[in-house]
Amino acid sequence: MAPAANYSAQKLTLDSIEIVRLADAARQIEVSICPSMGNIAYEMKVHGQPILMPPAGSLAEWKTKPSQAGIPFLAPWANRLDQDAYWANGKKYVLNPEAANLRRDGNGQPIHGLLLFASDWQVVAIKADAQGAEVTSRLEFWKHPEWMAQFPFAHTIEITHRLSDGALEVKTSIQNQSMDPMPLLIGFHPWYQIPGSSRDEWTVHLPVRQHYVLSSKLTPTGETKPVDWTGPIALVGREFDDVFGSLVSGEEFYVENKGRRITVRFGPKFPVAVIYAPPKRNVVCFEPMTGITNAFNLAHAGIYKDLQTVASGTTWVESFWVRPSGF
């Protein structure tokens, strides 16, 4: 097959829902994105094998009853806040607990921001050439009063999903249109799987050096410890719901079973990894984060020194990459 004909990017309608499908015919990789469901890349197949946990049921059923699947985007805060408020630029911002867009974890803490299943993403560019296939979608946060009431920093987000050279790149651009510096605590929650096998047969590689000690409500206490392993880890008998830092430069996360591997590389502006591997589900999550859980409040308390900000009028950009092999 000629390189120019290999990659494709097209809009499709499934179950009356518009999606975008990127394809690499030579490697038999397909990635499907649903802009109206949080712009989630909900499916990635390699030789027909799904390496992302898919939605439960059809797209129409997923739209009616949203649940996490694929690669969800978490913003304007990722993971948990320890209260219905957060600090930014020395000011305390109180969340409206009556707002319908506020999600909570099992302990009642606000979790995963406001945009998990946002329907307002707009496709602004789609193309395929000899080098790859990609789609860019935009969300103008500043146009939504219900979001601005909870996080009053005007900004625009663009996410580009690009399939090239056997890997999926997820690139995020955030333009701060407000007058103040915008604190940045975003991330992604990808759900990886190796079809036809149990998580107890999987091995993972976690290139991290620092483990953040968590409270009983799964927010960092400020204490850190060195990790207690070297080399790959068998998942059998082990579970994770943990926050890690000090990522090893040049190394990548992976999950592997019998020669099938999903490798994930974080760009340097994702210096924190949340690892989630529940004991009774055949999934593992290597979650790229710009900061630790509850970083807004921990930074104000002087406990966390590495909270990123986006200066007024500037744009923050970073990517992570997913590369399957052996499927």
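Me: Among contacts in the chain between residues at least 6 apart in sequence, what share joins residues at least 24 apart?
Reply: The share is 65%. Keep in mind that this is a predicted model. For this count, contact means heavy atoms within 4.5 Å.

Me: What else does F73 touch, beyond its neighbours within four places in sequence?
Reply: Besides G187, F73 contacts L115, L116, W121, I157, I159, T172, I186 and F188.

Me: Is F73 buried or exposed?
Reply: Buried means under 20% relative accessible area. F73 has 2% relative accessibility, so F73 counts as buried.

Me: Where is F296, and how far is it from L184?
Reply: F296 is in helix 4. F296 and L184 are 112 residues apart in sequence, with 8.4 Å between their C-alpha atoms.

Me: Which residues does F296 touch, leaving out those up to four places away in sequence?
Reply: The partners of F296 are P76, W77, L81, Y86, W87, F151, P183, L184, L185 and L307. F296 has 1% relative accessibility, so F296 counts as buried.

Me: What about E223: where does it lie, and what does it contact?
Reply: E223 lies in strand 17, residues 220-226. Setting aside neighbours within four places in sequence, E223 contacts H211, Y212 and V213. E223 and H211 are twelve residues apart along the chain, and their C-alpha atoms are separated by 8.7 Å.

Me: How many of the chain's residues count as buried, as a percentage?
Reply: Of the 327 residues, 54% count as buried. The chain exposes about 13500 Å², and carbon and sulfur atoms supply 48% of that area.

Me: What does the radius of gyration say about the chain?
Reply: A compact globule of 327 residues would have a radius of gyration near 20 Å. The chain has 19 Å, which agrees. The C-alpha trace spans about 60 × 45 × 35 Å along its principal axes.

Me: How many helices and strands does the chain have?
Reply: The chain has four helices and 25 strands.

Me: How do I read backbone angles? Which peptide bond is cis?
Reply: Most residues other than glycine have a negative phi, and most peptide bonds are trans. In this chain, the bond from A75 to P76 is cis, with omega near 0°. P76 lies in the loop between strand 6 (73-74) and strand 7 (85-88).

Me: What is the phi of N39, and where is N39?
Reply: Phi of N39 is near 55°, a positive value, and N39 is not glycine. N39 lies in the loop between strand 3 (29-34) and strand 4 (40-46). N39 has a relative accessible area of 3%, so N39 is buried.

Me: What is the phi of N294?
Reply: Phi of N294 is positive, about 65°, although N294 is not a glycine. N294 is in the loop between strand 23 (285-289) and helix 4 (295-300). N294 has 1% relative accessibility, so N294 counts as buried.

Me: Now the pockets. How much space lies in the largest pocket?
Reply: Rolling a probe the size of a water molecule over the atoms shows where empty space is left. In this model, the largest pocket holds about 320 Å³. Its lining has 19 residues, with R80, I111, H112, H189 and Y276 closest to the centre. Strand 19 (240-247) and strand 22 (272-277) are the elements giving two or more residues to that lining.

Me: Which element gives the largest share of the lining of the largest pocket?
Reply: Strand 19 does, with three residues. By class, the lining of the largest pocket has eight nonpolar, five polar and six charged residues.

Me: What lines the second largest pocket?
Reply: The second largest pocket is lined by 14 residues, and V248, S249, G250, E251 and F266 lie nearest its centre. The second largest pocket has about 240 Å³ of space. Its lining has eight nonpolar, three polar and three charged residues.

Methods: Residues are numbered from 1 along each chain as its sequence is written. This is a predicted model: local features need pLDDT of at least 70, side-chain atom pairs count only at pLDDT 80 or more; totals for chains, interfaces and linings use all residues. Side-chain values use heavy atoms; hydrogens and water are left out. On a 1 Å grid over the protein atoms alone, a cavity is a set of points where a 1.4 Å probe fits but cannot get out, and a pocket is an open set with protein on both sides within 12 Å along at least five of seven lines; lining residues have an atom within 4 Å of a point. Grid points are joined across faces, edges and corners, and a volume is the space filled by probe spheres set on the points. Ala, Val, Leu, Ile, Met, Phe, Trp, Tyr, Cys and Pro count as nonpolar, Asp, Glu, Lys and Arg as charged, and the others, Gly among them, as polar. The radius of gyration is taken over C-alpha atoms; the globule rule is 2.2 Å times the number of residues to the power 0.38. Buried means under 20% relative accessible area, exposed over 50%, partly exposed in between (1.4 Å probe, protein chains only). Accessible areas come from the Shrake-Rupley method with a 1.4 Å probe; for residues, only the protein chains shown count as cover.
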